[in-house]
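Please consult the sequence and structure shown here alongside the text.

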Amino acid sequence: MESESIDKDRHHRSVFRPRIRPPLFQIVLTGEFLAMLPLDPKLGKMLIMGAIFRCFDPILTIVAGLSVRDPFLLPQDKKDLAGTAKARYSAKDYSDHMALVRAFEGWKDAEREGSAYEYCWRNYHSILV
């Protein structure tokens with residue numbers, strides 16, 4: 001009777017044990033890829049995970065945005081207007097990362113139309129970044 005209870009306990013622990021640790025070879029492989037990338041390991045891991053989860057383009061945009069100074073300008077005399085312009089990009093989900101993606105997508109569209117400079121000026125983006 002007691003051994004049955006111990007067996008059930010072992011079974012429950014093995015079934016419900018979280019399996020978060022990947023096999024050692026996956027850790028080594030990820031580390032090898034990270035060592036090849038000339039950027040912060042956290043950002044490199046974002047790129048690798050973006051490729052694995054097949055969302056590489058937006059992740060690449062986010063990593064690029066985090067690797068340089070903030071592309072959103074906040075002029076002292078127009079803080080409210082600049083804050084409103086930035087808030088439009090993150091209004092749906094309150095995410096600074098998604099704001100970077102949306103701002104870049106908007107810039108790409110404006111670039112195709114030949115109005116990238118005006119887009120940056122109107123939306124308080126740094127033209128240099």
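Helices (H or I, at least four residues) and strands (E, at least two) are DSSP runs, numbered from the N terminus. The model is predicted, so local features need pLDDT of at least 70 and side-chain atom pairs count only at pLDDT 80 or more, while totals for chains, interfaces and linings use all residues. Residues are numbered from 1 along each chain as its sequence is written, and side-chain values use heavy atoms, with hydrogens and water left out.

**Aromatic pairs**

- The structure holds two aromatic pairs, a pair being rings of Phe, Tyr and Trp (its six-membered ring) with centres within 6.5 Å; planes under 30 degrees apart count as stacked, over 60 as edge-to-face and the rest as tilted.
- Phe72 and Tyr89 form a tilted pair, at 6.0 Å centre to centre and 45° between the planes.
- Because Phe72 lies in the loop between helix 4 and helix 5 (79–90) and Tyr89 in helix 5, this pair ties together parts that are 17 residues apart in sequence.
- Both Phe72 and Tyr89 are buried (under 20% relative accessible area; exposed is over 50%, partly exposed in between; 1.4 Å probe, protein chains only).
- Phe104 and Trp107 are stacked, because their ring centres are 5.9 Å apart and their planes at 25°.
- Both Phe104 and Trp107 lie in helix 6 (residues 96–113), three residues apart, about one turn of the helix.

**Positive phi**

- Arg54, in the loop between helix 3 (41–52) and helix 4 (56–67), has a phi near 60° and is exposed at 79% relative accessible area.
- Tyr124, in the segment after helix 7 (116–123), has a positive phi of about 60° but is buried at 16%.

**Cysteines**

- Zero disulfides (pairs of cysteine sulfur atoms within 2.5 Å) are found in the whole structure.
- Cys55 is partly exposed at 31% relative accessible area, whereas Cys120 is buried at 5%.
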